[in-house]
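Try each task on your own before you read the solution.

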Amino acid sequence: MALHDAAAGADSWSEAEAARLVVRAGLPEPRRQVVIWTPEGPRRVDLVTDLPNGRRLVLEIDGPHHAEDAVRREDALKDAAARAAGYLVLRIPASMVRDDPWAVMAALRDIARVNL
């Protein structure tokens, strides 16, 4: 499974598992390591999936290094640019993917329901 995930573009186990949770939550298979075009230029994001109403959801899986000030600032700029380009953005800690996948799926289902 790990080789398949790496070949499909996953940067980490938690990112690959989050992609599986997207599908288990009833959303389409997400695209991995997608470059999105924003008003600030191209940005690479972990996962993008289509929502029922045609909008797109960016799902970012954050490991421990995302708590560092410089990374948090860059993340905030990337999120703002993605939102300005029309994407919904959801950041999930990698530890939550591992420790509470049901909560991740519930959040994804809620987003899908609101975006019918």
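**Exercise 1: The fold**

The secondary structure of the chain comes to five helices and four strands, where helices (H or I, at least four residues) and strands (E, at least two) are DSSP runs numbered from the N terminus. This is a predicted model, in which local features need pLDDT of at least 70 and side-chain atom pairs count only at pLDDT 80 or more, while totals for chains, interfaces and linings use all residues. Residues are numbered from 1 along each chain as its sequence is written, and side-chain values use heavy atoms, with hydrogens and water left out.

**Exercise 2: Overall shape**

Solution: 
- Step three: for the extent, the C-alpha trace spans about 35 × 35 × 25 Å along its principal axes.

**Exercise 3: Inside the chain**

Task: State what percentage of the residues is buried.

Solution: Buried means under 20% relative accessible area, exposed over 50%, and partly exposed in between (1.4 Å probe, protein chains only). By that cut-off, 44% of the 116 residues in the chain are buried.

**Exercise 4: Glutamate 15**

Task: Locate glutamate 15 and find a polar contact of its side chain.

Solution: 
- Step one: glutamate 15 sits in helix 2 (residues 13–24).
- Step two: its relative accessible area is 2%, so glutamate 15 is buried.
- Step three: a polar contact is a pair of N or O atoms within 3.5 Å; within protein, one must be able to donate a hydrogen and the other to accept it, and residues adjacent in sequence count only if both atoms are side-chain atoms.
- Step four: the side chain of glutamate 15 makes such a contact with the side chain of glutamine 33 (2.7 Å).

**Exercise 5: Glutamate 60**

Task: Describe the surroundings of glutamate 60.

Solution: 
- Step one: glutamate 60 belongs to strand 3 (residues 56–62).
- Step two: glutamate 60 is buried, with a relative accessible area of 3%.
- Step three: a polar atom of the glutamate 60 side chain lies 2.7 Å from the backbone nitrogen of aspartate 46.
- Step four: not counting residues up to four places away in sequence, glutamate 60 touches (heavy atoms within 4.5 Å) Arg44, Val45, Asp46, Lys78, Leu90, Arg91 and Ile92.
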